[in-house]
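Please walk through the fold of this protein chain, from its strands and sheets to its cores, its ligand shell and a few individual loop residues.

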Amino acid sequence: MKAIGTSCPYCGVGCGLLAKPRRDGVEIAGDPEHPANFGRLCSKGAALAETLSLDERLLRPVSDGRRVSWDVALDRVAATFAEAIAAHGPDSVAFYVSGQLLTEDYYVANKLMKGFIGSANIDSNSRLCMASAVTGHRRAFGSDTVPGTYEDLELADLVVLVGANLAWCHPVLFQRLLAARRRRGARIVAIDPRRTVTAEAADLHLALAPGSDVALFAGLLDHLAGHADTAYVARHTRGSEDALAAARAVGLAGASAETGLPADELAEFYESFAATERVVTVFSQGVNQATTGADKVNAILNCHLLTGRIGRPGAGPFSVTGQPNAMGGREVGGLANMLAAHMCLEDAGHRRLLQDFWQSPTVASRPGLKAVDLFRAIGDGRIEALWIMATNPADSLPDAHAVDAALERCPFVVVSDVVRHTDTSRHADVLLPAAAWGEKDGTVTNSERRISRQRAFLPLPGEARPDWWIVTEVARRMGFPGFDFPGPAAIFREHAALTAAGNAGTRDLDLGGLASLDDAAYEALTPVQWPVPAAPVVPAEKRFFAAGGFFTRDRRARLLPTPTRRPAKLADDEFPLVLNTGRIRDQWHTMTRTAKAARLAAHLAEPFVEIHPRDARRFGIRPATLVRVQSTRGAIVVRALVSERQRPGSVFVPMHWTDRFSSNARVDSLIAGAVDPHSGQPELKHTPVAIRPEPVVWYGFAVSARRPAPDAALSYWALARAAGGWRLELAGDAAPADWSALFAKLCGIRTGSAEVHAYRDVQRGAHRLAAFAGHRLLAALYVAPGPVSVSRSWAVAQLVARHDQERHLAVLAGHGDSGMPDAGALVCACCIVGVRQIEAAVLAGADSVEAVAAATRAGSNCGSCRTEVGRLIDACRLSKAG
Ligand code: SF4
């Protein structure tokens, strides 16, 4: 079968893929012709084929826990929303949507809420990652415009990465950058409190104090006063004097005091920025997710505007988005404070234009509730009906326990999703089965404004339907015209036509040139970067603002004073550490998809808190033990990862783990939910916490061919897929009366159905049990009073090994010849290469990342692990020298 061109459903890089359905699955490869990735894929993209199974899928509509027909479910949703609106007004209902939706899905949801229901209560999980960038752009440029392209990272002589762990969160873009550095010798500066993998690969790492970015860039602006592009500033900007005055008040000394960085380190960076014409500043969640997020963005934009380094090849500020279609959502107005087609809610002319275009009875005239406020309103009883589409707010929003309580209180909750059981869907009155990636059709826009097709290559399973279909069916049942779309192509045409309506160069987003695509042309659409006006400017300009032309009334950009402000809550005696949250390399969001791929779980298989050794000593935390992390809002229990890479005084916990995969690790349950006053984006990277050892008396590790069933009797558990089954970390605060009974219950071993071997060392408190069915290992459990030292990769390998009688004891021993040497902890998820294989290659003479790649293939695909490979080479060298 022919390969079908589509795009990755994960991050905002928006890589192109080729999907080839086969008899035994789907083959996924990078699309060599896609301009975002030119054939590259990261570990998550490369493992997509392993995530397509139908287990865990929601395949039929469900109402009050019972299967119902689509007609019954849709009628109930439409009637309940209509009743709430009639009784309590349009602002009594809300949609909470997602950057996972396709542009066409997003468009109709926004049209329904803002144009026909008449409320702006539609907000997106993009509020959690991009809202500060949107606000910063609109304040400076008059529009939410990302001026540059990915190519700029390759053309720049200096690339500044701020709050962006590109190596893990945007791996393909990072590899493009590293390849360009190898070719051209560009310099990379990483600005991040943590020594991330990205920071380790940088030429200079500025480990600033959490939340002090505004001061750092104010100091830079002050330094740049003598390097301004005066002609550009005079012709195309306003506000430079006030911005410079505010920056002067900070200066180098103030920046050094606020950031905790030595003045000479800062001066080196400032000088390097000042002396380099081609400079790109890439920023992401580390900038946006703060109560000062919008000011951080404007502090960065100020520096580029003052020097005129914007919109030129290799020069400009560059916001990279977290989600695959955060940009598409912004384009159709999927945030509570925006209108469709980058129009402004506050602009009466824009509202009129939209109402005429849609022929709608009304258009929302005031901003709706932004995500955090929306869920507070739900908790206060101000929302009667809520529809959540393609997202999991019970895990991803701050103050997660309060979100649970709000959802429980809400009179009517609809969830449309691909997954049956999530921490959010447990609160749903109606569940609507949505088409998943690979089954749905539409478009997405990546971080460089490039629109790509996402195409279906699998049939719709069960009764799943595309999101656009579900929304338009509800709209029609509510009696609204304007939703009779035969398919996504027609929706796209309407969206494109709207961007061109009344535009004439007054708005950045113009897709007029795509408004008359017929179905065949839409089907064949190749990746295209906007703007695409109906009458193209010649030569086509793919960047914005090199010659001004901002989208403010006077077409000039604004430099804004950005006085320094501290985060909402500072560490104190009770909560002495600062909690930062974020992503890890091989997981995505709340793991509903990536947790299906065993190789993605192998890199970091359980929730952890990364702690500097000094803080670990101070709070009595030993490596690999369990830690209670406590804030004013709640507590979680996770594994200690003691690491020099963590900044002293702060800790890091990943955002991914939910109640589906761990006993108590929803990190957002610790976060208070303070938001940026301008963007409404919550402060997810600065929560004061305390840590202490979790008092458990035994630790365990299990592998099992069947999915284990951990329960509340355990103090701790974390579950992950493994090749051939599952792996489970567990711990307890009291020894069970019968270890065999615990083993049988956990791993589903039925009496008489297996040969069970057991080993006990009472003195050492060690218990080991293994159950076999013939030559097959069904499950094994290893228990010790401290963290279990059995090699996880070796134990997992036993699930697929053939075991004869003599080797049963080896499984109990936790080592020995299994015919499968221990690869060690996974480093390269693309080629499945472990630490021990890399160490063996180094000992055999491989002395560079390239040589290790040649010997083991580690790092030869997406390259996300190359820094870790380099670190292992250095460690081996050191131990050899020692
Ligand atoms: Fe997908 Fe990885 Fe590309 Fe992001 S970098 S779009 S996750 S393949």
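This is a predicted model: local features need pLDDT of at least 70, side-chain atom pairs count only at pLDDT 80 or more; totals for chains, interfaces and linings use all residues.

How many bridges join strand E31 (residues 766-773) to E32? Seven bridges join them, and the two strands run antiparallel.

E31 and E32 form a hairpin with two residues between the strands. In that hairpin glycine 774 takes a positive phi near 60°. Within the pair, leucine 769 has leucine 781 of E32 as its bridge partner. E32 also pairs with strand E27 (residues 698-704), again in the antiparallel sense, and here six bridges join the two. On this side serine 704 stands opposite alanine 779 of E32. Strand E32 covers residues 776-784, and eight of its nine residues are buried, so the strand is largely enclosed by the rest of the structure.

Strand E14 (residues 385-389) is likewise described by its burial: five of its five residues are buried, so it is largely enclosed by the rest of the structure. Ala385, Trp387 and Met389 point one way from E14, while Leu386 and Ile388 point the other way. Strands of a sheet pair through backbone hydrogen bonds, and the pairing can be parallel or antiparallel. The pairing of E14 with strand E6 (residues 93-97) is parallel and has four bridges. In this pair, alanine 94 has leucine 386 of E14 as its bridge partner. E14 also pairs in the parallel sense with strand E15 (residues 412-417), over five bridges. There the bridge partner of tryptophan 387 is valine 414 in E15.

An open sheet is made by three strands in the order E17-E18-E19, with antiparallel pairing. Its edge strands are E17 (442-445) and E19 (528-529), and each of these pairs on one side only. Strand E18 (residues 450-454) and E19 are antiparallel and share two bridges.

Asparagine 325 sits in the loop between strand E13 (316-319) and helix H15 (326-331). Is asparagine 325 buried or exposed? Its relative accessible area is 0%, so asparagine 325 is buried. Not counting residues up to four places away in sequence, asparagine 325 touches Gly99, Leu101, Leu102, Thr103, Tyr106, Thr443, Val444 and Thr445.

Another loop residue is glycine 163, found between strand E8 (158-162) and helix H6 (166-169). With a relative accessibility of 13%, glycine 163 counts as buried, because buried means under 20%. Apart from neighbours within four places in sequence, glycine 163 is in contact with Ile191, Asp192, Ser284, Gln285, Gly286 and Val287. The C-alpha atoms of glycine 163 and arginine 194 are separated by 9.3 Å, with the two residues 31 residues apart along the chain.

Next come the nonpolar cores. The largest has 89 residues, and those with the most contacts inside it are Ile28, Val282, Ile611, Val629, Ile838 and Val869. Helix H7 (residues 171-184) gives the largest share of this core, five residues. A second, separate core has 64 residues, among them Ala133, Leu220, Tyr270 and Val297. Valine 869 has contacts with Val827, Ile838, Val849, Val852 and Ala858, leaving aside its neighbours within four places in sequence.

Which residues surround the ligand? They are Cys8, Tyr10, Cys11, Gly14, Cys15, Leu41, Cys42, Lys44, Gly45, Pro171 and Val172. The elements that give two or more residues to this shell are helix H1 (43-46) and H7. By class, the shell around the ligand has eight nonpolar, two polar and one charged residues.

Finally, the domain assignment divides the protein as follows: domain 1 (4-51), domain 2 (62-128 + 325-529), domain 3 (131-319), domain 4 (577-693), domain 5 (698-812) and domain 6 (826-881). Between the C-alpha centres of domain 2 and domain 6 the distance is 45 Å.

Notes. Residues are numbered from 1 along each chain as its sequence is written. Side-chain values use heavy atoms; hydrogens and water are left out. Buried means under 20% relative accessible area, exposed over 50%, partly exposed in between (1.4 Å probe, protein chains only). Contact means heavy atoms within 4.5 Å. Two strands pair if DSSP finds at least two bridges between them. A nonpolar core is a set of buried Ala, Val, Leu, Ile, Met, Phe, Trp, Tyr and Cys residues joined through side-chain atoms within 4.5 Å. A residue is near a molecule or strand if one of its heavy atoms lies within 4 Å of it. Ala, Val, Leu, Ile, Met, Phe, Trp, Tyr, Cys and Pro count as nonpolar, Asp, Glu, Lys and Arg as charged, and the others, Gly among them, as polar. Domain bounds come from an automatic or database domain assignment.
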